[in-house]
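Please look through the structure below with the following notes beside it.

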Amino acid sequence: MDCGNCANTIRTALERLPGVSDIRISVTKETLSLGLDEMLTSATVIESRIAALGYVPSRLDAAQPGGGAGIVGTAPVAWWRQAKGRLALVSGGLVVLAYLVGLVAPGWHAPLFIVASLVAAVPIARRALASARAGAPFTIEMLMTIAVVGALFIGAAEEASIVVFLFCVGEVLESVAADKARAGIRALADLVPQTALLEVEGQITEVPAATLRIGQSVLVRPGDRIPADGTVLVGLSSVDEASITGESMPRPKEPGAEVFAGTINHEAALTVRVGRAAQDTMIARIVALVEEAQDAKAPTERFIDRFSRLYMPFIVGLSVLVAVAPPLLAGGEWSPWIYRGLALLLIGCPCALVISVPAAIAASLAAGARRGLLIKGGAVMENLAAIQAVAFDKTGTLTLGKPAVTDVVALVGEASAVLALAAAIERRSSHPLAAAIVTRADGDGLPAREALDVAAVPGKGMAGTIADRAVFVGAPRHAAGWAPLDDEILARISGLEGEGKTVVVVVDGAQAIGLIALRDAPRPDAAAAVAALKAMGIQPVMLTGDNRLAAEAIGQALGLEVKAQMLPSDKAEAIQAMAAARRTAMVGDGINDAPALASAQVGIAMGSGTGVALEAADAALLHDRVGDVPALIGLARATMANIRQNIAIALGLKALFLVTTVIGATGLWVAILADTGGTVLVTLNALRLLGYFRGGRHAAPPSVAETDLRLHATG
């Protein structure tokens with residue numbers, strides 16, 4: 001199953017059978033469950049009905065791993081090995097062959113176009129008939145079938161072959177997109193290690209992580225991923241929880257602290273007591289949230305399919321009526337009225353309509369791709385155009401995603417000396433804070449100093465010897481054990497932390513000589529992007545797992561509402577509440593953002609984010625510019641305006657020539673000219689979107705309040 005339409009077709013086919021109830025279909029997992037009274041309908045009848053619709057059913061055993069719930073979608077198969085892919089390749093090859101034969105032997109190309117049309121149209125017609133028997137006669141497959149038959153009947157075999165080939169290509173692309181979405185969900189579960197080091201009475205045994213039980217103890221070495229949600233029993237270390245909370249800096253962990261499966265232990269070994277079974281971990285819940293959100297999201301129905309519910313029955317019925325009613329009821333001649341009926345069918349052929357919407361979508365997708373804006377299809381484009389609110393993740397989305405030094409406060413001597421001393425110690429550490437301090441020192445051109453006996457103090461900081469003096473760089477609460485911190489120093493620390501900054505103390509000997517403050521800085525264009533969204537009538541808000549002080553400092557600088565200290569489930573719930581009141585987009589970059597991205601009407605991923613975020617999202621910003629969010633929505637609005645123009649052109653021409661055909665003023669050749677002319681007009685109009693960003697006319701506005709990223713020192 002590739003889309004919601006697949007699920008609707010299956011549901012319609014099964015709900016009419018006696019004894020069938022409680023039908024539940026998951027497009028994401030490609031599963032169907034239902035209640036069945038086998039006294040009325042057997043299970044083989046269910047399977048036969050599904051197979052008749054073109055799907056291959058196989059039963060799942062709930063007792064087997066993965067059989068009852070979770071990620072069970074079919075293993076991905078290369079598109080050219082799928083039936084849809086082979087059909088598109090064969091159809092396209094026949095079209096190319098027909099053109100080549102036409103160059104050598106013009107009289108033989110027409111039969112090849114007919115063959116190309118029939119080869120691709122027969123499977124489509126079978127699906128259309130199966131859907132019709134199931135109670136859904138006017139599907140897009142039926143639309144294409146009537147279009148091809150009508151075109152062949154009046155001799156337009158070339159047009160029929162190309163239209164049906166393009167339809168096959170669209171089916172292949174839809175299937176590929178569905179497979180990629182499922183692969184992204186599977187990647188979530190891969191965050192949890194497959195094995196764990198189980199500790200029993202001092203003995204360490206490697207066991208499958210899925211077999212861990214609540215209450216057992218596991219050893220987590222430095223650099224390992226934690227295999228289960230639980231509580232630290234023994235050890236002091238810091239843990240990278242970016243996959244869960246989005247927090248850019250590792251968090252210190254001590255006995256009693258909670259840890260999550262899939263997060264990474266940094267400096268020292270930890271002994272963790274398992275607190276949740278494998279199916280109940282935070283990562284497992286994230287997987288479930290993404291699956292549920294994708295299954296619950298109402299897919300945007302294709303415009304042509306919606307319109308065909310009224311348009312196609314009307315056109316087909318009118319064509320038949322024009323062909324047979326006058327001869328039967330008024331004694332008219334059969335030949336001219338059949339001729340008019342055929343012309344009417346050609347005028348009503350949806351070729352211009354079929355091309356008008358995808359032409360505009362294709363042009364806008366190309367324009368966006370050149371700017372680094374990737375959009376997953378026309379349905380996403382339509383949803384983007386209607387967006388009324390945008391929720392941003394903080395870390396890595398509105399901010400650069402890594403800490404940077406913002407303040408160097410010299411308590412003794414010069415600020416440059418404080419920074420150089422700290423950098424000498426921190427060069428031996430891989431901690432993000434250490435890297436930021438070293439980067440700042442190198443950027444200021446400070447000479448590197450030699451440090452000896454440098455070692456990590458697990459969960460506290462770094463220590464070493466410089467010029468025979470003991471030097472410590474670490475958190476304020478641990479620095480007090482190395483040097484006294486008077487009230488004035490504590491006040492300065494409190495002030496910096498009140499601005500949402502992380503503070504480290506530099507101790508030389510037995511004296512605190514300086515403070516270094518760090519914070520994840522906003523992206524340079526973030527403030528301008530927020531202002532641009534407000535100017536478009538869109539409400540921006542920030543959702544983050546970071547601490548409240550840091551979040552509010554960023555929110556105040558950018559001018560948007562803030563909701564902080566949120567777990568992935570909290571973000572998803574907040575997005576669902578927003579989406580219930582207004583059309584909402586979510587912008588994020590991390591695995592922890594995946595449920596929220598899937599819950600929003602449109603999920604937008606930053607290009608530097610995780611693969612899971614990119615797959616869960618509907619669109620991606622490859623250049624990591626926050627300003628591309630208003631640009632993306634602006635492009636979508638322009639695209640939908642263009643589509644409305646194309647529809648008006650196509651239907652306007654059809655309405656005009658429907659009248660002239662019925663009264664006999666125009667014949668088949670004019671009908672062909674009108675249909676072709678309409679196609680050319682809507683295509684040319686759609687191509688205007690290729691120049692949407694040209695010349696910077698619709699580029700994101702320059703930053704009106706860029707965050708000053710030049711870091712300062714105070715003494």
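Is Tyr 99 buried, partly exposed or exposed?

1. Tyr 99 is partly exposed, at a relative accessible area of 37%, where buried means under 20%, exposed over 50% and partly exposed in between, with a 1.4 Å probe and protein chains only. The model is predicted, with local features needing pLDDT of at least 70 and side-chain atom pairs pLDDT 80 or more, while totals for chains, interfaces and linings use all residues. Residues are numbered from 1 along each chain as its sequence is written, and side-chain values use heavy atoms, leaving out hydrogens and water.

2. Searching the whole structure gives 3 aromatic pairs (rings of Phe, Tyr and Trp, the last by its six-membered ring, with centres within 6.5 Å; planes under 30 degrees apart are stacked, over 60 edge-to-face, the rest tilted). One of them joins Tyr 99 and Phe 113 edge-to-face, at 5.0 Å centre to centre and 80° between the planes. This pair links distant parts of the chain, 14 residues apart, with Tyr 99 in helix α3 (residues 83–104) and Phe 113 in helix α4 (residues 109–133); helices are DSSP runs of H or I, at least four residues, numbered from the N terminus. Phe 113 is buried, with a relative accessible area of 2%.

3. Tyr 692 and Phe 693 have ring centres 4.8 Å apart and planes at 85°, so this pair is edge-to-face. Tyr 692 is buried at 12% relative accessibility, and Phe 693 is buried at 13%.

4. Leu 100 lies in helix α3 and is partly exposed, with a relative accessible area of 49%.

Key
Helix = DSSP H or I, 4+ residues; strand = E, 2+ residues; numbered from the N terminus.
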